[in-house]
Structures are given as C-alpha cells and as structure tokens.
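Subject: Handing over a structure

Hi,

Here is the structure I promised to pass on to you. Have a look at it first, and then read on for what I found.

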Amino acid sequence: FGGINMMKKTLVILTALFLTACVSNSQLDVPQRIQHNDKTYQLATQQDLGSVARYVYLLPGETPKEWQSAVEILLDRNFQNRTLQQRIDLRKRVYTNTGVKNFQLYSQDETLYAYVIYEPSEQNKDWQIDMAKGKELPFCGFVQYQYSLKIPKNYKLGNMNSKRVVNHLKKYLVEKEMKQLSKANWLLGCKA
C-alpha cells in the first residue's frame, strides 16, 4: 500500500510541476508603445521577478522618477491560484493596513476595476491617482492595466481640505477615466 500512495504523491507532484512549467513558460505579449488618452506612452522600464512582471510606460521626456502620467502593465503569474475575490480582499487589507483612505475595488464580468487616490506626503508632493482594470488570462496569469496620473498640489487644490479634493478628483477625473477603462477593448494577451 505504501508504494501506491507514493506513486499517487509522485503523480500529484509531477502534475503540479507540469502545470507550473506551462504557466511560467508563457509570456505576456507586451507592446513597446501604448496609446492612452490620445498620447503615446513608450516602454521605459521592465522588471520580471518570476512570479510577477511589471512594465512601465512613460511619455517622451519623462523618467521613472519624474513623470506626470504613466501606464503600467502588471503580470501576476498567479502561482497561488487566487480568485478575483481573494485578490480584491487582499488589496483592501493592504490599503487599509498602509493607511490609504481613498480607494475602491470591485469586480464586474470577471474583471477587476480599481482606483486609488494617494494624498500628498513628505516623499510625494503631488496627489496621485491610479485607475486599473485587470483580468485572468489563461496560461498567463492575472494581468492588470493601470493608468496613473499626478495632480500638482496647486493653489486651487491647496485651498481645499482633503475631503473636498478627493471628491473633486473623483468627480472630474476618476469617474471619467473608469468609464473609459470599462468600455475599452482588452488588447493584452499571452504568447506561448
């Protein structure tokens, strides 16, 4: 009986390794340029850590340290097999534990939608808004498309309290951009 159990365990391990290899060998088909809001963003940096890969696109003349708007593609190869709801719950916990007050995450039609509004801080003088759409792609993992925008803390915003600024940003930027993201065709895919 011990031999049969060992064979079953070996089969399970080999199946898991095979499935992991299938997932890890696939790649996200990453474009060199992305059009967003009638602007062309160019691939500026990329980082692949095995389980997660990140691609950042900037406008010409901007750098990873100095930018006003950016597009980011995140690939989570999802080795943990997280569901969309588990992903949402995890992010909510992270935002809450790190003191981020202004965010919303929800799923619709097997797609994650999210926005986060970061208030100015010692390190970052501007307001920053991240708006994202993400979904699970077969044989690739969870892929997220994110548009980020920095809003300078100018005279007009400087005269408003934080709650009014957040409401202003939601009304004039977030709502419009989230509507556009929800209507946009999903153009990202995987290649073997």
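Before the tour, one definition: helices (H or I, at least four residues) and strands (E, at least two) are DSSP runs, numbered from the N terminus. Please keep in mind that this is a predicted model, in which local features need pLDDT of at least 70 and side-chain atom pairs count only at pLDDT 80 or more, while totals for chains, interfaces and linings use all residues. Residues are numbered from 1 along each chain as its sequence is written, and side-chain values use heavy atoms, with hydrogens and water left out.

**The whole chain**

The protein chain has 4 helices and 10 strands, and along the sequence they follow the pattern α-β-β-β-β-β-α-β-β-β-β-α-α-β. Of its 192 residues, 35% count as buried; here buried means under 20% relative accessible area, exposed over 50%, and partly exposed in between (1.4 Å probe, protein chains only). The chain exposes about 12400 Å², and carbon and sulfur atoms supply 53% of that area (Shrake-Rupley method with a 1.4 Å probe; for residues, only the protein chains shown count as cover). Among contacts (heavy atoms within 4.5 Å) between residues at least 6 apart in sequence, 53% join residues at least 24 apart.

**The cores and helix α4**

In soluble globular proteins, nonpolar side chains tend to be buried together. A nonpolar core is a set of buried Ala, Val, Leu, Ile, Met, Phe, Trp, Tyr and Cys residues joined through side-chain atoms within 4.5 Å. The largest one here has 33 residues, of which Leu28, Tyr57, Ile73, Ile117, Trp127 and Met131 touch the most other members. At least two residues of this core come from each of β4 (52-58), β5 (69-76), β7 (111-118), β8 (127-137), β9 and α4, and α4 gives the most, with 6 residues. A second, separate core of 9 residues includes Ile88, Tyr95, Val100 and Leu105.

Helix α4 covers residues 162-183, and its 22 residues should span 32 Å at 1.5 Å a residue, which agrees with end C-alpha atoms 30 Å apart (the expected span is 1.5 Å times one less than the number of residues). At lysine 170, α4 bends by about 45°, taken as the angle between axes fitted to the seven residues ending there and the seven starting there. Its buried residues are Val165, Val166, Leu169, Val174, Glu177, Met178 and Leu181.

Leaving aside neighbours within four places in sequence, valine 100 contacts Tyr95, Val116, Ile117 and Tyr118. Valine 100 and tyrosine 118 are 18 residues apart in sequence, with 6.9 Å between their C-alpha atoms.

Is arginine 77 buried or exposed? Arginine 77 is buried, because its relative accessibility is 4%. This arginine lies in the loop between β5 and α2, and its side chain reaches the backbone oxygen of glycine 50 at 2.6 Å.

A polar contact of 3.2 Å joins its side chain to that of glutamine 146. Such a contact is a pair of N or O atoms within 3.5 Å; within protein, one must be able to donate a hydrogen and the other to accept it, and residues adjacent in sequence count only if both atoms are side-chain atoms.

Glutamine 32 is in the loop between β1 (27-28) and β2 (33-36) and counts as exposed, because its relative accessibility is 53%. Beyond four places in sequence, glutamine 32 touches Tyr41, Gln42, Leu43 and Tyr57.

Aspartate 109 is in the loop between β6 (102-108) and β7, and phenylalanine 139 is in the loop between β8 and β9. Both count as exposed, with relative accessibilities of 69% for aspartate 109 and 63% for phenylalanine 139.

Enjoy exploring!
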